Number of protein chains: 4
Amino acid sequence: MTVKCDLELKPQDVTSPRWKEECGVAGVWAPGRSVVDLCYLGLFALQHRGQESAGLAVTDGLHIDMERGMGLMREAFRHRLPSLKGHAAIGHVRYSTCGASLFNNIQPIFAYFSGGFICLAHNGSLTNAPSLRRRLEKDGCVFQTGTDTEAILNLIARDGAQTTEEKIAASLQQIEGAYSLTIMTGDRLIGVRDPYGFRPLCLGSLPGGGYVLASESCALDAAGAEFIRDVAPGEMLIIDRDGLHSRIIGARPRLARCVFEYIYFARPDSVLDGLSVWQARYRLGQQLAREFTGAADMVTPVPDTGITAALGFAAESGLPYVEGLIKNRYVGRTFILPDQAERQSTVEMKLNPIRANLKDKRVVLVDDSLVRGTTSASLISLIRRAGAGEVHFCISSPPITHPCYYGIDTAVRKELIASHKTVDEIRRIISADGLQYLSRPGLMGAVGDPEEKLMCGACFSGEYPTSVKDVENKECK
Amino acid sequence: MTVKCDLELKPQDVTSPRWKEECGVAGVWAPGRSVVDLCYLGLFALQHRGQESAGLAVTDGLHIDMERGMGLMREAFRHRLPSLKGHAAIGHVRYSTCGASLFNNIQPIFAYFSGGFICLAHNGSLTNAPSLRRRLEKDGCVFQTGTDTEAILNLIARDGAQTTEEKIAASLQQIEGAYSLTIMTGDRLIGVRDPYGFRPLCLGSLPGGGYVLASESCALDAAGAEFIRDVAPGEMLIIDRDGLHSRIIGARPRLARCVFEYIYFARPDSVLDGLSVWQARYRLGQQLAREFTGAADMVTPVPDTGITAALGFAAESGLPYVEGLIKNRYVGRTFILPDQAERQSTVEMKLNPIRANLKDKRVVLVDDSLVRGTTSASLISLIRRAGAGEVHFCISSPPITHPCYYGIDTAVRKELIASHKTVDEIRRIISADGLQYLSRPGLMGAVGDPEEKLMCGACFSGEYPTSVKDVENKECK
Amino acid sequence: MTVKCDLELKPQDVTSPRWKEECGVAGVWAPGRSVVDLCYLGLFALQHRGQESAGLAVTDGLHIDMERGMGLMREAFRHRLPSLKGHAAIGHVRYSTCGASLFNNIQPIFAYFSGGFICLAHNGSLTNAPSLRRRLEKDGCVFQTGTDTEAILNLIARDGAQTTEEKIAASLQQIEGAYSLTIMTGDRLIGVRDPYGFRPLCLGSLPGGGYVLASESCALDAAGAEFIRDVAPGEMLIIDRDGLHSRIIGARPRLARCVFEYIYFARPDSVLDGLSVWQARYRLGQQLAREFTGAADMVTPVPDTGITAALGFAAESGLPYVEGLIKNRYVGRTFILPDQAERQSTVEMKLNPIRANLKDKRVVLVDDSLVRGTTSASLISLIRRAGAGEVHFCISSPPITHPCYYGIDTAVRKELIASHKTVDEIRRIISADGLQYLSRPGLMGAVGDPEEKLMCGACFSGEYPTSVKDVENKECK
Amino acid sequence: MTVKCDLELKPQDVTSPRWKEECGVAGVWAPGRSVVDLCYLGLFALQHRGQESAGLAVTDGLHIDMERGMGLMREAFRHRLPSLKGHAAIGHVRYSTCGASLFNNIQPIFAYFSGGFICLAHNGSLTNAPSLRRRLEKDGCVFQTGTDTEAILNLIARDGAQTTEEKIAASLQQIEGAYSLTIMTGDRLIGVRDPYGFRPLCLGSLPGGGYVLASESCALDAAGAEFIRDVAPGEMLIIDRDGLHSRIIGARPRLARCVFEYIYFARPDSVLDGLSVWQARYRLGQQLAREFTGAADMVTPVPDTGITAALGFAAESGLPYVEGLIKNRYVGRTFILPDQAERQSTVEMKLNPIRANLKDKRVVLVDDSLVRGTTSASLISLIRRAGAGEVHFCISSPPITHPCYYGIDTAVRKELIASHKTVDEIRRIISADGLQYLSRPGLMGAVGDPEEKLMCGACFSGEYPTSVKDVENKECK
């Protein structure tokens with residue numbers, strides 16, 4: 001069932017990322033301080049993780065003030081930031097996934113219940129959401145949004161445990177899949193990371209006292225917090241007046257940290273679970289160079305996503321790193337394209353070749369991934385028309401053959417070009433002279449998980465670490 | 001607990017009505033037609049019943065499309081109207097009452113539940129809302145808004161009956177107080193009026209087939225529907241593919257239709273429960289003239305609310321009806337007053353006297369009611385400074401001594417000037433030469449209920465037709 | 001040549017007045033005070049004279065700050081009011097007339113010239129604007145807007161006189177037609193009224209010292225100023241540090257004050273050239289009753305424009321005054337009509353009949369004027385469908401047969417129904433049982449100018465007090 | 001005199017460039033086509049040259065349609081693009097310079113004059129503007145804006161020549177300084193470049209016929225036009241129904257093309273006067289490496305402006321090129337910084353270091369220029385706190401000691417740190433371990449003008465190629 005609601009329609013986004021990461025979350029706890037600003041700064045550093053809506057909630061223990069809106073943070077908070085001087089806050093940036101961008105879907109999600117109030121921000125996707133929701137509806141629950149996050153709220157409210165903390169702990173037993181959560185009640189800030197560790201979450205400390213939780217370490221830097229450690233997979237970390245304490249939730253069958261955080265999602269200045277994203281990405285480029293079998297004169301990235309891997313490729317291969325495409329920095333989300341101009345490819349609005357650098361060259365063009373192939377074809381055509389002799393398209397990840405059910409809105413399977421085409425077929429479709437994917441062992445070696453015991457690479461293999469029966473054939477409802 | 005959320009702050013409303021009627025509701029059912037436009041037109045005729053937010057939901061049985069926003073309808077639907085071509089729709093305009101203008105409080109309220117989806121618009125106020133909510137929270141319900149309407153949704157979802165219709169009927173047994181509802185499900189449009197009949201609700205038929213439900217008959221006119229009848233107090237009126245059928249809900253201890261609908265709230269071109277609002281209001285003026293004991297040269301209204309009663313007063317008394325105050329039609333809700341100009345009374349921004357008409361005259365100034373007395377004092381001063389010899393302030397209703405718990409946001413009791421001051425004290429406070437209220441028997445006789453068996457006049461008497469223990473001392477939370 | 005520029009397009013105005021008065025002007029001079037607020041309040045009382053754009057300019061003698069924008073004042077000054085603390089200010093509200101609503105056309109118009117700066121607001125229309133403009137262009141002037149007001153600026157800047165005051169006086173010799181001006185320079189506020197006195201302009205004094213100039217006396221009330229006198233036709237009134245002094249400009253062939261100011265344009269609470277607008281309008285209704293030859297049961301106005309005349313009609317005829325049509329106060333300029341709803345007549349969006357008051361009655365329906373006849377036909381049909389037995393349409397002005405060239409944007413002649421149809425033909429076109437215009441002697445008698453020596457009634461007679469050759473056949477360019 | 005007008009105030013721009021290039025201009029002529037879209041696309045590629053306002057005007061020879069607004073193009077054209085289907089268009093993006101951002105200052109500037117209409121877009125700054133304006137005002141001209149461009153309009157309108165083309169040619173004789181113009185009349189598109197060639201302007205041809213004029217070649221690419229040639233310094237290029245023809249205006253004392261276009265302003269994918277901006281910038285980095293006397297472990301750029309020079313530096317020096325700072329791409333012009341967060345340096349909002357890459361390294365940090373030194377100090381501090389051992393700040397241009405009067409809004413002289421501090425003093429102020437400017441011979445050699453006969457380097461030397469007496473001490477008025 002389609003639900004459209006409250007949505008201010010936006011013009012087509014010409015810079016839409018090929019992948020849609022669902023969310024970034026943040027939380028700040030600092031008794032004696034007003035923390036809206038710190039939460040804002042932290043969240044702002046996570047803007048790359050979600051650009052369709054944003055929200056911030058703050059409490060002083062007694063009152064709660066919340067502001068949520070569509071669009072980038074600067075749009076969502078155009079009218080006001082929460083003005084309450086409170087010592088605890090959580091925030092969220094998101095892409096909508098299934099269902100339309102219902103205004104009500106914007107997080108943090110908030111409710112009154114018998115235990116007071118609760119506010120929750122969620123990065124990830126529950127693989128048992130449909131059956132959970134059916135069960136809750138059967139028990140008389142109403143759902144006012146389309147998010148699976150609302151199910152978590154209802155589980156907590158219905159749990160028979162004595163305290164809110166116990167209710168939360170008990171509810172987490174019933175949800176499956178990917179979830180990094182920040183939760184705020186009247187007297188606690190709680191961070192949770194699912195037992196597989198699909199999505200990142202880390203903890204930092206503030207100079208004057210207090211803590212920050214965030215999806216990536218770059219948000220700690222932005223909030224002026226010092227990195228303490230990653231929240232452990234399967235950990236529920238409670239911050240209250242007495243300080244930090246943690247509980248272990250659920251068994252840990254294996255770890256399954258998303259490898260695409262390193263390939264594409266996370267910011268290069270973040271360190272996730274001990275590994276620098278920049279360095280991981282550079283090594284992917286180095287490894288790609290080792291695997292590359294063609295001959296070329298220069299290496300050039302697709303800006304901005306291919307830059308770090310291209311630097312690694314150039315260093316390893318000895319080929320010169322040259323800028324070949326210049327990005328128009330003003331092509332934004334809210335860019336209004338005149339109707340008549342839609343003939344013009346949006347790729348050409350965004351990127352312009354430097355002819356002098358490409359003329360008659362055999363070019364290695366480096367990008368991080370290849371999903372549908374349409375953008376790649378436009379890119380290669382652009383470079384070829386600028387005079388390049390040959391174009392070798394090099395991808396710093398393996399072919400994506402399966403959809404993700406852990407919080408990434410990939411295409412459905414049939415839209416994944418590598419799910420039904422061979423590498424050579426793809427090469428011909430995108431009209432490249434060469435097409436080089438990074439091998440799966442090459443990838444896993446570069447990120448330090450050669451046996452694939454720590455990372456999830458299900459999108460390359462179809463070997464999902466959890467059951468996905470409940471969501472496998474879901475259509476957007 | 002204060003909750004602020006999503007609220008675009010508005011400058012102070014200089015034309016805020018002295019009373020805040022909570023809501024107007026509408027609903028349209030017309031298989032084979034697209035009804036958003038009809039629902040919009042009907043709702044638009046009810047704009048006087050609520051100016052803080054508006055919402056419209058439409059369904060084609062399978063999909064639902066909703067748009068809700070803050071402000072007047074022209075602001076709330078600035079970006080879009082629901083675009084779905086559907087055969088059923090409901091709409092709502094409201095004032096916020098207790099709690100802040102949470103964006104989520106805007107109605108219609110919507111939810112998925114085990115029976116599909118349900119959409120609900122509510123005019124009135126439940127007198128057992130606090131205990132209902134406590135009970136539901138205890139049973140594990142979460143509340144995402146501050147409205148009592150959300151409790152109705154939860155009751156319906158939790159009811160064990162087989163069909164949605166039965167669930168609704170059973171839930172209505174558990175709510176008390178004032179409620180006129182329009183409810184939309186995938187296959188039904190339902191209108192409900194509480195057994196006391198506090199708030200109006202009427203039914204009309206569309207020329208090409210189909211039905212319209214609305215708070216007032218003027219909305220039927222606007223939607224091009226012909227008036228059939230009022231929904232009976234205690235009636236649940238179901239409209240589906242088979243046509244109309246009705247069920248009786250609850251016992252009917254007595255009727256208690258709000259007499260203030262005739263005095264002030266409803267539009268003069270509406271007919272409520274068989275009585276023309278214009279004629280009722282004119283008769284109030286006639287009766288007021290009969291009760292008036294002073295001597296005067298002319299009658300003039302406070303525009304616009306006192307006009308009809310002033311005409312009745314003039315006709316009965318034989319005094320000439322003369323315009324004495326001219327209203328600036330451009331003083332609107334969103335009027336931006338320059339800071340410096342706030343010294344200037346807002347009454348003077350809005351109204352300007354016609355000196356030539358008032359000079360040396362003994363003026364009867366007619367208004368519909370007197371709540372706090374502050375505006376009245378400004379008005380009288382304005383007329384006096386324009387040269388009037390005497391000002392006799394005549395009110396076409398009795399002194400208001402008690403708050404309303406049935407959907408009107410009156411002041412709390414201590415702010416009601418007549419709750420603790422005598423008529424003569426009030427006269428002196430507002431500096432009138434004379435102050436004449438309409439007597440309670442005079443009022444009730446004029447609206448055809450001399451024994452007070454059909455109407456609710458609790459705000460004049462404190463004799464509430466239902467228990468109000470649950471809400472009596474509520475503070476805005 | 002069409003010029004469109006900077007115009008935020010607005011949805012069709014469903015409450016567009018039948019006449020478009022071009023402008024209202026205001027000016028405040030009060031050394032030692034900050035006058036933006038007073039100018040704002042005064043201008044706000046003139047909002048009925050122009051709703052398409054508004055502007056305010058303020059100076060402290062050294063600096064100037066200006067804000068202008070499209071729409072009502074609340075829209076035009078949405079972002080800011082001029083913030084300069086200055087002792088002199090002028091303001092303007094306008095309808096656009098010929099040419100599109102060029103942003104640059106919004107007044108006050110501003111320029112630097114050899115004498116410093118000058119700021120000018122204009123109500124009226126120059127009958128020699130086309131030839132003036134051609135001459136100035138030939139002399140090398142550029143015109144950045146489409147207004148005739150820009151020509152006045154250029155005349156002033158090019159004049160050879162020593163002082164700015166002399167330059168202005170000399171320039172006024174060269175312009176013809178209708179003009180009431182407020183002019184602000186670094187050290188003067190100047191008010192000018194053309195020798196014919198087409199448009200009103202009056203002077204008031206502020207309690208603490210200082211002066212206010214305004215199109216109507218209601219603006220003096222709003223600004224807290226006391227009325228001193230009307231600016232005389234042909235007077236140039238200079239206000240500076242030394243106080244008031246006045247100069248006479250041009251010969252005074254005859255007076256030609258616009259009689260339509262009394263019939264329709266001005267606010268009823270204004271007094272223009274010694275005559276109360278309300279009383280004039282009431283007398284028009286009385287005279288209309290005397291001329292009325294039909295038989296009827298009641299009198300009802302077209303709200304709001306027909307109310308005062310209807311009261312006069314009722315008083316004179318002895319027929320009861322009854323409200324028959326209720327206006328939806330929320331139909332505003334920026335009303336967004338859903339596309340589908342355009343089938344619905346806008347008259348019916350705006351007005352709803354009170355059936356009980358009209359049923360089987362012979363109704364006298366009073367309005368101020370009849371221009372094209374289309375709205376009138378809708379009104380009469382609405383009343384007839386509400387059950388009226390007969391509808392006698394009574395107009396408190398004579399038939400309009402000729403366009404106005406003095407600042408009113410009437411239709412072109414062929415659109416004026418009375419220019420080519422007899423009264424009886426019009427009656428049949430609008431389907432009225434009777435149609436009664438006020439006679440021209442009746443009108444002129446009622447406003448105290450039985451010999452038509454003081455007022456302009458060219459729109460009824462075609463006897464233009466000035467040459468109109470230059471503008472007679474102008475097409476909007 | 002301060003004039004504020006129509007300005008929607010914007011929050012402080014945290015990404016304000018250190019230099020403010022005044023403008024970019026574009027023009028399209030293509031009979032038989034509707035060219036708004038092409039002009040939009042071309043202009044959009046020039047957005048980096050001006051972000052405070054934008055405008056587009058289009059004509060079909062008979063009508064003209066224009067849209068101008070504040071902000072980025074996406075903001076300025078938020079409401080509408082000119083909708084006229086016309087065969088000729090010009091566009092403009094600008095920074096405001098002297099005077100406030102008067103709405104009326106937004107270009108293109110438009111006027112009616114005796115020869116019809118004229119529309120003009122200007123990149124550059126006239127060095128005789130003050131005396132020109134004084135002379136014109138003395139002759140009776142009015143100025144409605146604060147731009148020097150309005151003087152050009154007035155010169156044209158007042159010229160006695162027979163045709164508009166002759167009038168333009170004659171007017172150009174009277175203006176001095178920097179100007180690249182696109183001019184549109186009813187039947188011509190004209191491009192003009194001043195005799196010194198201060199600002200770039202180039203010509204391209206459209207595949208289906210027609211021409212494009214633009215400040216940089218990247219705009220030709222964006223509009224789908226093929227580069228033909230640069231407009232010659234001192235050339236007036238007329239495009240009409242008969243095709244292209246050109247006239248020579250003024251004597252050519254020497255060439256003085258702005259060298260900063262290569263260092264910073266122009267987009268790297270543009271080719272200006274035969275020299276690729278990317279290659280020039282790369283060579284500056286190479287030359288800087290040759291001049292560098294320190295010892296280091298790695299090279300890292302200040303993103304984005306230092307990237308290309310850093311690549312050249314790395315290649316020449318043999319040091320590895322490593323990303324050390326990551327830019328938050330969402331810090332935009334309209335970024336709303338919560339008040340509380342302003343404590344946080346805006347540099348830290350925008351840039352975050354990659355600690356792992358900088359730790360204990362001797363870092364060469366490359367940027368294009370150093371104006372005031374404040375941002376540089378923050379950058380160096382940021383890198384040092386990330387663990388760098390030494391920071392050697394290398395600037396790919398010489399010290400800026402003199403203001404620019406040719407269209408760049410540099411600081412006034414006393415704000416230029418290099419005008420009164422030695423290199424070593426600056427090094428200490430910004431707390432760098434080393435500070436290396438590019439030498440002036442090194443710069444001029446790298447751009448192929450070792451004798452400084454083609455380029456203007458007045459900001460490094462104070463040797464202005466024209467008289468600047470008229471503007472030298474101008475204060476913003």
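1. Glu452(D) in this predicted model is partly exposed, because 18 other C-beta atoms lie within 10 Å, and a residue needs 20 or more to be called buried. Glu452(D) sits in the loop between α14 (440–446) and β24 (455–456) of chain D. Its phi is positive, about 55°, although the residue is not a glycine.

2. Ser431(B) also deserves a look for its backbone. Its phi is positive at about 60°, and Ser431(B) is not a glycine. The residue belongs to the loop between α13 (423–429) and β23 (434–437) of chain B. With 13 C-beta neighbours inside 10 Å, Ser431(B) counts as partly exposed; the exposed class would require 12 or fewer.

3. One joins Pro303(A) and Asp304(A), with omega about -5°. Note that Asp304(A) is placed in the loop between β18 and α9 (307–317) of chain A. The other joins Gln107(B) and Pro108(B), with omega about 0°. Here Pro108(B) lies in the loop between β5 (88–94) and β6 (109–113) of chain B.

4. For chain A as a whole, the model has 15 helices and 24 strands. Of its 477 residues, 61% count as buried. Among contacts between residues at least 6 apart in sequence, 71% join residues at least 24 apart.

5. Chain A is divided into domain 1 (23–253) and domain 2 (275–461). The C-alpha centres of these domains of chain A lie 34 Å apart. Their contact takes 12 residues from domain 1 of chain A and six residues from domain 2 of chain A. On the domain 1 side, β7 (116–126) and β8 (177–185) of chain A each supply at least two residues, and β7(A) gives the most, with three residues. By class, that side of domain 1 of chain A has four nonpolar, seven polar and one charged residues.

6. Strand β7 of chain A can be described through two of its residues. Leu120(A) lies in this strand and is buried, since 26 other C-beta atoms are found within 10 Å. Leaving aside neighbours within four places in sequence, Leu120(A) is in contact with Pro108(A), Ile109(A), Thr149(A), Ile152(A), Leu153(A), Leu181(A) and Ile183(A).

7. Ile118(A) is found in strand β7 of chain A. Ile118(A) is buried, with 26 other C-beta atoms within 10 Å. Beyond four places in sequence, its contacts include Ala111(A), Phe113(A), Leu153(A), Ile156(A), Ile183(A) and Thr185(A). For Ile118(A) and Ile183(A), the C-alpha to C-alpha separation is 7.2 Å, while in sequence they are 65 residues apart.

8. In chain A, strand β21 (residues 362–367) is mostly covered, with five of its six residues buried. Strand β18 (residues 298–301) of chain A pairs with β21(A) in the parallel sense over four bridges. Strand β22 (residues 390–395) of chain A also pairs with β21(A) in the parallel sense, over six bridges. Together with helix α12 (residues 374–385) of chain A, β21(A) and β22(A) make a right-handed β-α-β unit.

9. The contact between chain D and chain A takes 42 residues from chain D and 42 residues from chain A. On the chain D side, the elements that give two or more residues are α1 (36–44), α6 (217–222), α8, α9 (307–317), β20 (351–353) and α11 (355–358) of chain D. Of these, α1(D) gives the most, with four residues. By class, the side of chain D that touches chain A has 23 nonpolar, 12 polar and seven charged residues.

10. Helix α8 (residues 277–291) of chain D has 15 residues, which should span 21 Å at 1.5 Å a residue; its end C-alpha atoms are 21 Å apart, so the two values agree. Because 12 of its 15 residues are buried, α8(D) is largely enclosed by the rest of the structure. Among the buried residues of α8(D) are Trp278(D), Arg281(D), Tyr282(D), Arg283(D) and Leu288(D).

Key. Residues are numbered from 1 along each chain as its sequence is written. Chains are lettered from A and ligands numbered from 1 in the order in which they are written. This is a predicted model: local features need pLDDT of at least 70, side-chain atom pairs count only at pLDDT 80 or more; totals for chains, interfaces and linings use all residues. Two strands pair if DSSP finds at least two bridges between them. A crossover is right-handed if, with the strands pointing away from the viewer, the path from the first strand over the helix to the second runs clockwise. Domain bounds come from an automatic or database domain assignment. Two residues are in contact if their C-beta atoms, placed from the backbone, lie within 7 Å. Ala, Val, Leu, Ile, Met, Phe, Trp, Tyr, Cys and Pro count as nonpolar, Asp, Glu, Lys and Arg as charged, and the others, Gly among them, as polar. The expected span of a helix is 1.5 Å times one less than its number of residues.
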